[in-house]
Amino acid sequence: MNRPLRRIAVFCGALTFALLVRATWVQFAQSDTLANHPNNRRVQIETFAQPRGNIIVGGAPITASVATPGSDLKYKRVYKDGPMYAPVTGYLSQAQGATFLEGVHSDVLSGKDSRLLAGPLDTLTGVKPRGGDVITTIDPKAQKAAYKGLTDLKAKGAVVALDPRTGRILAMASTPSYDPSVFAGISRKEGEVFKKLDQDKDKPLSNRAIREIYPPGSTFKILTAAAALEHGTVTDINAPSGAPAPYQLPQSTTKIGNVVPDSQCDKVSMKTGLQWSCNNVFLDAALKTGKDRMRETAEKFGFNKEQFTPVRTAASGYPDKLDKPQTALTGMGQGSLTSTPLQMAMVTAGLANDGKVMKPYMVEELRGPDLSPLAKTRPEVLNQAVSEATAKKVQEMMEFTVTDGSGSKVKIEGVTVGGKPGTAQHGADVRDERPYAWFVAYAKQSDGTSPVAVAVLVDPEDMDISRDAIAGGRLGAPIAKAVMRAVLKK
């Protein structure tokens, strides 16, 4: 063979070898990446080729799959009571992807989970695995009460209800909300609907219950009380605190007063302080307990960490670096302290459960199409945040706040209820911003255990209500009461 032909043969051989190497690399090393690439049309076609499993609430599906004629994406998702359950289900859209439970448990719902894979005979005959179901912990009556309470107010806000004994999420509502059905397809019109929702300044696509953080205001005083009692800063909840009203912040000329007359709060006990939400008592308690011990207690309740329900939540924050004035301000739930509504529900539930904080969850079971269980969630202790003795003292104060104080609007006849309203200032100039209204509460059964704890957040920014009328006891308490009654009736 002459030299030119030999060179051509070597060159062609090298090209062939390179082609084989590249084909092998694509087929084996990159196969998973390419198969699951969002721009791979075959992935979309396969995802929507058959009906999907369902998300179940109260024994009934709140999702379904319907045929889409004229499209190679054969099925799309529809939702029952979509806006009410959107914070739980999230959405599954042919164009926008999946969120929340639709996303976290997509493999089970679509049938791709390894536990649902077809056997050898099914593979040979071309039978495709069917999707399984996601059984939630949501109580439909509690969810309805939470959603109705917020929508009746025409308010932005969120509600979370937990079973303190297990951590089961009984309700999770967020407003304004959206109907996931209206953009579940791939049409241009549905794309425009999603774009409008995504750009809405009121953020209807955001789950305020777990993904947005707010100053918790006076509801945090129950954690301040727990920290002060646990660390020995306060030993007797009935003894005078010595904290003057108004209270001058350390290293500052700023004096902080109270909603009630300062004379009603001057040097009063912690029990009376919680009864009337006296800022001075809790500013002083946080300052004396110290930032490190306050943060330690907050973290035992779940602060400074994301929670997985299994949907990931935003982390509530008790800051690391605080000076004395800032530490004092955290005692009344202000300053740079932040919390999700879920986190304040966890604090309330932990105290109602004698100091034991359970890990929150909203999926009871994953179930195959033949109704066989794939996985069940077992209640799990997150932390023993404070001792039983400390928790009992905080319960006593919260129950007194309901029977004889600022939480009276959450009373339920024949039921022991503990609660705490809160109003949280925010913004660069708190004089111009309308404060958030909070309410946290729990209800006890005759055996002393609590089957429900709830946190309510109302953002009255767009409500037709005067600034003076914004209060947790007025706006949040009726919602908390309705949710607890729904659970107790069950």
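This is a predicted model: local features need pLDDT of at least 70, side-chain atom pairs count only at pLDDT 80 or more; totals for chains, interfaces and linings use all residues.
Visitor: Why are α15 and α16 called roughly perpendicular?

Guide: Helix α15 (residues 341–352) and helix α16 (residues 388–404) pack at an angle of about 110°, their axes being 8 Å apart. Angles of 65 to 115 degrees count as roughly perpendicular, and α15 and α16 therefore get that label.

Visitor: Okay, on to Ala98. Why is Ala98 called partly exposed?

Guide: Its relative accessibility is 36%. Buried would be under 20% and exposed over 50%, with partly exposed in between, so Ala98 counts as partly exposed. Ala98 sits in strand β6 (residues 97–98). Leaving aside residues up to four places away in sequence, Ala98 touches Tyr91, Leu92 and Gly103.

Visitor: And helix α13: how do you know that its buried residues are on the same side?

Guide: The buried ones in α13 (residues 291–300) are Met294, Arg295, Thr297 and Ala298. They cover an arc of only 165° around the axis, which puts them on the same side of α13.

Visitor: What do those buried residues of α13 pack against?

Guide: They pack against α10 (221–230), α12 (279–289) and α14 (324–330). And just after α13, Gly302 takes a positive phi of about 120°.

Methods
Residues are numbered from 1 along each chain as its sequence is written. Side-chain values use heavy atoms; hydrogens and water are left out. Helices (H or I, at least four residues) and strands (E, at least two) are DSSP runs, numbered from the N terminus. Buried means under 20% relative accessible area, exposed over 50%, partly exposed in between (1.4 Å probe, protein chains only). Contact means heavy atoms within 4.5 Å. Axes are lines fitted to C-alpha atoms, for helices over the stretch in contact, and angles run from 0 to 180 degrees between N-to-C directions. Angles under 35 degrees count as roughly parallel, over 145 as roughly antiparallel, 65 to 115 as roughly perpendicular and the rest as oblique. The arc is that of the directions from the helix axis to the C-beta atoms.
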